[in-house]
Amino acid sequence: MSTFQAPKGTYDLIPPRSAKFLAVREAISAPLKNSGYGYIETPGFENVELFARGVGESTDIVSKEMYAFETKGGTKLALRPEGTASVLRAALEANLHKAGNLPVKLWYSGSYYRYERPQAGRYRHFSQVGAEAIGAEDPALDAELIILADQAYRTLGLREFRILLNSLGDKECRPVYRDALQEFLRELDLDEDTRRRIEINPLRVLDDKRADVQKQLVGAPMLRDYLCDACKAYHEEVRELLTAAGVAFEDDEKLVRGLDYYTRTTFEFVHDGLGSQSAVGGGGRYDGLSEMIGGPELPSVGWALGVDRTVLALEAEGIELELPASTSVFAVPLGEEARRVLFGVVTELRREGIATDFAFGGRGLKGAMKSANRSGARYAIVAGERDLAEGVVQIKNMESGEQSAVALGLVVEELRRRLAS
Ligand code: HAM
C-alpha cells in the first residue's frame, strides 16, 4: 500500500471541491443559527458505554461498525459513530436542562466514524451537520426541525429530495406492536441471522431489502394500527404543521431507522439521484434516550444531515453553487524591488478585506500570469522596474485584458472602487 493513500473508506477534501463542503455546512447551519440553536462541539470519541446504551447494542452501528478501542490506561473508548448520544451526554453533564430554558436547542458539525463496507456515498469517515432540541414534547418542535432541514436543502437548490415520515409509537404502544410483529415473523421461513433479529430488533426485519423476505412480509401487522391515541394525535399534529408550512412529505409506515433510541416522529430525507445510499439525512424523536444513558426524563427530537451525500446530491442534480471567487486580486512582481513593493500592497489589500494572492517563487511573467488566471482573480496588479521608477503599478482586468497604470499610493483605493462595481 502506498503511503500516499488515504485509508480504505476515507477520502480527502481538496480544492476546488472542498469549497462545496464548506458551503453545504454553512447552508445547513444557517437556518439553525437563525432559529435559536446554539453551537456545540463534543469530543471525537466517547466512552464506548455511551453508544452501547444510547444507540443500542442490537444495532449494526454498535455491534458491527464501531471503532472501539482500549487506551493504554485501560479505558474503553469509541470514535463517535453519530452525534445525538454525545450531545445529550454533554447537555446533561453541563446541566443545560436545569437552566430553566427548555428545550435546549443545539447544533453541531463534525466527523463521524463507522466501519461500514465502503461504496459510493458510504464511507468510514463522513461528515454531518446536526441539530438536537432537548427537553420538550411539542409537535411544533418536530415540525420546526423538518422545516429547517427542508429550507436548508431548498436554499442549496436541491429539488429531487423527498421527506419520508413515520411514527414509531411510544413506550405504551410500541411494546404491544413489537409482540404482535414477533409473533407474525416467527412463523416465516427466514435464515438464522434474520431469526435472531426477530428476537432482538423485529422492526428492523421490515426494513430487509431482499425480495424473498419482502414477499413474506405482506400482511405483517403495521405499527400504524397499534399507535395509542396520544401518539396518533401527536403525529397528526406534526403532519398538519408541515402541511401548513408547505413542506411536502410522504407517509412511510415502513420507515425504521438504524438507531434504537427513536420514539414517535421519525423521518428521513432521501435523494433520488444517489442510488442505493439515498438517505441524505434523518432523525426523529428520542423521548427515552436520556433515561437510557442514566439521565432524567427529557423528551427530545433532532436530525443529522450527511454533508458528503448532500454534496453528491448537488452534483447529481448538476447544481453549481455560487461560490465567491477565493481570490479577487493577484499580484505579479517583475524583479526583486517589485517583489518587495507589491508584497506590501498585497498585505495592505488583505488588511482591507480584499481577497488577494501573490506570485511566489520568483517565476517569470508568463508563469505568474498563468497562476493569476487560475486563481480566478478579477484583477492582476503587475509592476516592473520601469513602473516603479514612475511610481505606478499596472492594473489588469483579467476578463477584458485592459490594462492601466495607477499611482502606487492609490492602488488599494482604485481596486476597492473597481471591485465594488
Ligand atoms: P443516521 O441516519 O445514522 O442518523 O445518519 C444521518 C446521515 O448521516 C445519513 O442520512 C447520511 O447522510 C449520513 N451518513 C450516515 N452514515 C454514513 C456513511 N457511512 N457515509 C456517508 N454518510 C453517512 C444519525 O446519525 C442520528 N444521530 C440523527 C439524529 C439526530 N437523530 C436524532 N438526532
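Pro16 is found in the segment before helix H1 (18–33), where helices (H or I, at least four residues) and strands (E, at least two) are DSSP runs numbered from the N terminus. The peptide bond between Pro15 and Pro16 is cis, with omega at about 5°. The model is a predicted one, in which local features need pLDDT of at least 70 and side-chain atom pairs count only at pLDDT 80 or more, while totals for chains, interfaces and linings use all residues. Residues are numbered from 1 along each chain as its sequence is written, and side-chain values use heavy atoms, with hydrogens and water left out.

A cis peptide bond also joins Leu102 and Pro103, with omega at about 0°. Pro103 belongs to the loop between helix H4 (84–93) and E5. Asn95 is placed in the loop between H4 and E5. Although Asn95 is not a glycine, its phi is positive, at about 55°.

Eight strands form an open sheet with mixed pairing, in the order E1-E5-E6-E11-E10-E9-E7-E8; two strands pair if DSSP finds at least two bridges between them. At the edges are strand E1 (38–39) and strand E8 (250–251), each of which pairs on one side only. Helix H5 (residues 139–155) packs on this sheet and touches strand E5 (104–113), strand E6 (125–134), strand E7 (161–167), strand E9 (263–271), E10 and E11, contact meaning heavy atoms within 4.5 Å. The direction of H5 makes about 15° with that of E11; axes are lines fitted to C-alpha atoms, for helices over the stretch in contact, and angles run from 0 to 180 degrees between N-to-C directions. Strand E10 (residues 279–285) and strand E11 (residues 300–306) are joined by five bridges in the antiparallel sense. Arg285 stands opposite Val301 in E11.

The ligand has 27 residues around it, of which Glu82, Glu116, Tyr123, Glu132 and Tyr262 come nearest; a residue is near a molecule or strand if one of its heavy atoms lies within 4 Å of it. The shell residues comprise 11 nonpolar, nine polar and seven charged, with Ala, Val, Leu, Ile, Met, Phe, Trp, Tyr, Cys and Pro counted as nonpolar, Asp, Glu, Lys and Arg as charged, and the others, Gly among them, as polar. E6, E10 and E11 each supply at least two residues of this shell, and E10 gives the most, with six residues. A polar side-chain atom of Glu116 lies 2.6 Å from a nitrogen atom of the ligand. For Tyr262, a polar side-chain atom is likewise 2.6 Å from a ligand nitrogen atom. Of the 660 Å² of accessible area that the ligand has on its own, the protein covers 96%, by the Shrake-Rupley method with a 1.4 Å probe.

A second open sheet, also of mixed pairing, has five strands in the order E13-E12-E14-E15-E16. Strand E13 (356–358) and strand E16 (403–407) each have a single partner strand, so one side of each is left without a neighbour in the sheet. From one strand to the next, the twist averages 25°. Strand E12 (residues 329–333) and E13 pair in the parallel sense over three bridges, and Thr356 in E13 is the bridge partner of Val329. Helix H13 (residues 336–351) lies across E12, E13, strand E14 (379–383) and strand E15 (392–397), and runs at about 160° to E13. Helix H14 (residues 365–375) packs on the sheet as well, touching E12, E14 and E15, with its direction at about 175° to that of E12.

Definitions and conventions. Polar contact = N/O pair within 3.5 Å; in protein donor to acceptor, adjacent residues only side chain to side chain.
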